[in-house]
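Good morning, and thank you for the time.

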Amino acid sequence: MTEVKLAVLGGSGAGKSALAVRFLTRRFIGEYASSAECIYTKHLSLDGRQIHLEIYDPCSQPHRGKLSLTGELHWADGFIIVYDISDRASFAFAKALLYRIRESHIGACKKMVESSVFLVGNKQDLCHMREVGWDEGQKLAIDNKCQFCELSAAEHYQEVVAMFMKVLRNITSNFKVKEKRRPSGSKSMAKLINNVFGKRRKSV
């Protein structure tokens, strides 16, 4: 069974938790402020391959929050960066997150392909309150060499699933390259980071 670790990041109110839970359970939970980090686990089949998926959902992050991301960058195989199209501050926070991820890859002499990154403009159902244009999201994704889509966690279940599946396909297609470069101590490092993030686990 293939293990995949995915981090869903975004500013407070962007809907990152709603997006993750929508994918995992089909239910839309609405907005809530998560006061504790969670790792959701799910078994699924992807193109005939059995996947053990772990989704890391951190505490709600203020737009001006600290962007160290040290643990997440070591732990995750891929990232979904979420912003609210009706909130320009959340878009600015997403931009800062993408910059931090890109900076870490350059600093570590890694290629961006080693981690799949997807930028998601959420709350498309609030187009009448839009503050961030589709073209702005697309340009930000191109500038950071990542994929982009707009959707609504509240209304677009199938689009949410399609986006997650695309991310998973990108991650698993890169695993062979990563395994060749993975140092022998990576398992213990992964276990250490997993202990940091593993305070709350939810199987779905």
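Predicted model: local features only at pLDDT ≥ 70, side-chain atom pairs only at ≥ 80, totals over all residues.

In the hairpin of E2 and E3, which residue takes a positive phi? The residue is Asp-47, with a phi near 55°, in a hairpin that has two residues between its strands.

Let me first set out the overall arrangement. The protein chain contains six helices and seven strands. Read from the N terminus, the elements follow the order β-α-β-β-α-β-α-β-α-β-α-α-β. The chain has 204 residues, and 52% of them count as buried. Its accessible surface is about 10200 Å², with 53% of that belonging to carbon and sulfur atoms. Among contacts with a separation of 6 or more, 76% are made by residues 24 or more positions apart.

I turn now to strand E3, residues 49–57. Seven of its nine residues are buried, so that the strand is mostly covered under the cut-off of 20% relative accessible area. E3 pairs with two strands that I shall describe. With strand E2, residues 38–46, the pairing is antiparallel and runs over nine bridges; within it, Leu-44 has Ile-51 as its bridge partner. With strand E1, residues 2–10, the pairing is parallel and runs over six bridges. Leu-6 stands opposite Ile-55 of E3.

Next, the interior. In soluble globular proteins, nonpolar side chains tend to be buried together. Here, the largest nonpolar core has 33 residues, and those with the most contacts inside it are Leu-19, Leu-53, Ile-55, Ile-80, Met-163 and Phe-164. At least two residues of this core come from each of E1, helix H1 (16–25), E2, E3, strand E4 (78–84), strand E5 (116–122) and helix H5 (157–181). H5 supplies the largest share, ten residues.

Which residues does Ile-80 contact, leaving aside its neighbours within four places in sequence? The partners are Leu-6, Ala-7, Val-8, Leu-9, Leu-19, Phe-118, Val-120, Met-163, Phe-164 and Val-167.

Finally, the charged pairs. Side chains of opposite charge can pair when their charged atoms come close. The structure holds eight salt bridges, and I shall discuss three of these.

Lys-5 forms a salt bridge with Glu-54, and their closest N and O atoms are 3.2 Å apart. This pair links distant parts of the chain, since Lys-5 belongs to strand E1 and Glu-54 to strand E3, 49 residues apart. Lys-5 and Glu-54 are both buried.

Lys-123 and Asp-84 form another salt bridge, at 3.3 Å from N to O. Lys-123 is in the loop between E5 and helix H4 (134–143), whereas Asp-84 is in strand E4, so this pair ties together parts 39 residues apart in sequence. Lys-123 and Asp-84 are likewise both buried.

Arg-88 and Glu-136 make a further salt bridge, in which the closest N and O atoms are 2.9 Å apart. Because Arg-88 lies in helix H3 (residues 88–107) and Glu-136 in helix H4, the pair ties together parts 48 residues apart in sequence. Are these two residues buried, partly exposed or exposed? Arg-88 is partly exposed, with a relative accessible area of 37%, and Glu-136, at 28%, also counts as partly exposed.

Thank you for your attention.

Technical notes
Residues numbered from 1 in each chain as written. Heavy atoms only, no water. Helix = DSSP H or I, 4+ residues; strand = E, 2+ residues; numbered from the N terminus. Buried < 20%, exposed > 50% of the residue type's maximum accessible area, 1.4 Å probe, protein only. Contact = heavy atoms within 4.5 Å. Areas by Shrake-Rupley, 256 points an atom, 1.4 Å probe, with all protein chains shown as cover. Pairing = 2+ DSSP bridges. Core = buried A, V, L, I, M, F, W, Y, C linked by side-chain atoms within 4.5 Å. Salt bridge = Lys/Arg side-chain N within 4 Å of Asp/Glu carboxyl O.
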